[in-house]
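User: I would like to learn how to read helix packing and cavities in a protein model. Please take them one at a time.

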Amino acid sequence: MNAPAPDEPFAFTPESLARAEAEIAKYPPGRQQSAVMALLDIAQRQQGWVSQSAIEAVAAKLEMAPMRVQEVASFYTMYNLRPVGRHHVQVCTNISCLLRGSDEIVAALRERLGVDFGETTEDGDFTLSEVECLGACVNAPMMQVGDDYYEDLTPETARAVLDALAKGETPAPGPQGGRQFSAPEGGPTTLTGAADEGES
Amino acid sequence: MPKLTIDGQEIEVEAGTTVLQAAEMLGIEIPRFCYHERLAIAGNCRMCLVEIEKMPKPTASCAMPAGEGMVVHTDTPMIRKARRGVMELLLINHPLDCPICDQGGECDLQDQAMAYGMDRGRFHEAKRAVSRKNFGPLVETVMTRCIHCTRCVRFITEVAGMSDLGALGRGEHTEITTYVGRALGSELSGNIIDLCPVGALTNKPAAFTYRSWELRKTETVDAMDGLGASIRVDTRGNEVMRVLPRTNDEINEDWLSDRSRFAYDGLKRRRLDRCYVRRDGRPVEASWSEALAVVAERMKAAGKAVAAIAGDQTDCETMAAVKDLAMALGSAHIDCRQDGARLEAGLRASYLFNSTIAGIEEADALVLVGSNPRLEAPVLNARIRKRWLTGQLTVAAIGPEIDLTYRHQWLGDGPSVLADLAAGTHPFFKVLSQAERPMLILGQGGLARSDGSAVLGRAAHLADAAGLVKDGWNGFNVLHTAAARVGGLDLGFVPGMGGRDVAGILDGARSGAIKVVVLLGADEIDMDGLGDAFVVYLGSHGDKGAARADVILPGAAYTEKNATYVNTEGRVQRTVRAVFPPGEAKEDWRVVRALSEALGKTLPYDTLDDVQTRLAAINPVFGTLDGVMPAAWGRCGDDGPLDGAPFVSPIVDFYRTDPISRASETMAACSAGAATQTIQGKTGTHG
């Protein structure tokens, strides 16, 4: 909340507007303000971040005071109030990830990107952010890039994800250590035998 | 009607009453920061924790509705511990700068820290620091002191009806700020200084000039607009240091408009502190006896060709004395309507705010005619908004299309719409006539025009036709902008038989029919229109009138005299002297009394009591203090032709309406939109 980010003109594209209308339609007439968070998200997806102009566009759309929209936008950390790179790398350093080695992940990411938290690489490809728990503790340590979770990270796999993204590829999201979702590492440990399944 | 027990005392309260309010009724004090009885409940400071039996945890009493059979304890070891914990958390980020904080000595946090604070902090990390915000020229911000009670945000949003202010960020990073750093746009913004329980929002014009315990407090009445708000004038020595509102549910609740609160520096500037007599075209200092002798000589020579015009802040004592003197001289050329408003002194109900200000809270339909209450009486406007927020008031306006801070139908800008309404042909007529308690507010914008009488007549017609006046309810209201106006009309300070009104006096002065004009702080008239007349100015400030005057007699401002004013509702109120007038200035009525002696027509009163007895003799309403006497309704105005010209509000610049506010640098800064100026880093040690 220091120096405000330079503004960037914003207007809803027809596609965004259609999605916004769909969100507003979820609420009774006159309660359109309930859609404020959805519209801010739509604006962020369109612009990459939420500029002052976007706040005002949302406010105008919902007949709200711009201040009230800005309060919402500033309350939630997932709205980016300053521009971010093409890939927004959000790495969790909360307790579970910390215990599982997020410090090494952060070190690897910093070294790979050459930027610190809150900074964007010179080519505008990556912004590195530190975030609080993203609710994937069972696959700690983890990071979120765009909408995707990359879990069970090691410094090597974290670097590999970024390398792939830098090449324009989309690495497969989910656990990078090979296990399926949050199944036990090395395969199932219970319900392993056919006997357990009972006679059929 | 739930019945509950608080600290062993049983009380039955209305459903919806909170535990804190119930405790208050029993006289049990519960500490609080965010709760304020006139704002929505936020429940975010947690200072008001109480213990309620069968509840597992301490409860915030401000947000807990009283329930049947509740047993509440407000002072148990658990509660003391809980409040100590809350206090410790609040103090984690609060700076220890009380010695240089303007709130020091009257700070809720300071007081409550005495009761619940620890003698040392356990927090050794760095405290947070928050940059100052620009709230405009009236409110100083030291946001590091903010404890996020959000009273200011709620006030500006709910009461003032603006969405300028908000809380950005969350948790420890929350900051109260205006939208993109704009200044506050409300005419009521000064009230957030009073609301702020800490020193985050303080009085900017008065920054670092006083400590609250040095001030002498005088409870008096405001004369900066027609409302007559209850105020407290705080002085040190013979200097007004600040003006604060006093709670008065009948008039201003807890609020005060920015002009009434901040124009006081105008009381120290451009003051007339001695007599001047114009010789060879230049004002020359003179003694009282010299100046009065010159005036007496001219008046004697003028005979009956003497006229007097009362200004907007003239007290009733002075007007009564001048009226008596004019009668003694045989002149009927007196007028208290310097703006030319076509008000009649005959029927009291025709110029009062009959339904009373508190009555707005009963109204269910309202039409504003030629009035912009937001500028003419911001506190009254807040009352309309308060009623509107309940959803039970429908508002329409005839006049300029403006933002009144509440939604209203704009019916049109000219008198023709009023004529349609009065004739019953306008659709809004139905809303008014079907309403239980319909109201009309007629502003000076509708009256101070050549067809003002016809506008008044149509408004009265509408009042009759739509049933605005009925048993126990009079919805016909005139909103005055001048503190002196109702008093002047009550005293009959209007042209007598064969007398001239303001326009007539100016005509007479031009043609030579009027030889001497006495201006009682009247500065809003056309000074060029005074022609070659000999002008005597009796007033407090070197404004337009004094610049034109041939003799200047220094008078006292409203903070410097015990005087009577009648507010727009017809409420007779007395100011109390807080400071003495500067230099040789005297209470105005005493000057008139001295002048009468120089004229050989000595007025029969020597003391303030005598004059006030005389007031009551002229009009018995002056015998009733602080109350409102219902006035009988009747016909007023006339059915003359209406002009096509649209209504315009008499107030162009809210911050500069009278000699005092025009002399005020603070008001000049507001007026210049200095609102946008950036805040310079200033501390107590900077000059």
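Analyst: What follows covers a helix pair and then the cavities. This is a predicted model, where local features need pLDDT of at least 70, side-chain atom pairs count only at pLDDT 80 or more, and totals for chains, interfaces and linings use all residues. Residues are numbered from 1 along each chain as its sequence is written, chains are lettered from A and ligands numbered from 1 in the order in which they are written, and side-chain values use heavy atoms, leaving out hydrogens and water.

User: At what angle do helix α1 and helix α2 of chain A pack?

Analyst: Two packed helices are described by the angle between their axes and the distance between the axes. Here α1 (residues 14-24) and α2 (residues 36-47) of chain A pack at about 165°, with axes 9 Å apart. Axes are lines fitted to C-alpha atoms, for helices over the stretch in contact, and angles run from 0 to 180 degrees between N-to-C directions. Helices are DSSP runs (H or I, at least four residues), as are strands (E, at least two), numbered from the N terminus. α1(A) and α2(A) are therefore roughly antiparallel (over 145 degrees).

User: How many cavities of 30 Å³ or more does the search find?

Analyst: Rolling a probe the size of a water molecule over the atoms shows where empty space is left. The search of the whole structure finds 6. A cavity is a set of points, on a 1 Å grid over the protein atoms alone, where a 1.4 Å probe fits but cannot get out; lining residues have an atom within 4 Å of a point. β25(B) supplies the largest share of its lining, 3 residues.

Terms used. Parallel < 35°, antiparallel > 145°, perpendicular 65-115°, else oblique. 1 Å grid on protein atoms, 1.4 Å probe; cavity = no way out; pocket = protein on both sides within 12 Å on 5 of 7 lines; lining within 4 Å. Points joined across faces, edges and corners; volume = space filled by probe spheres on them.
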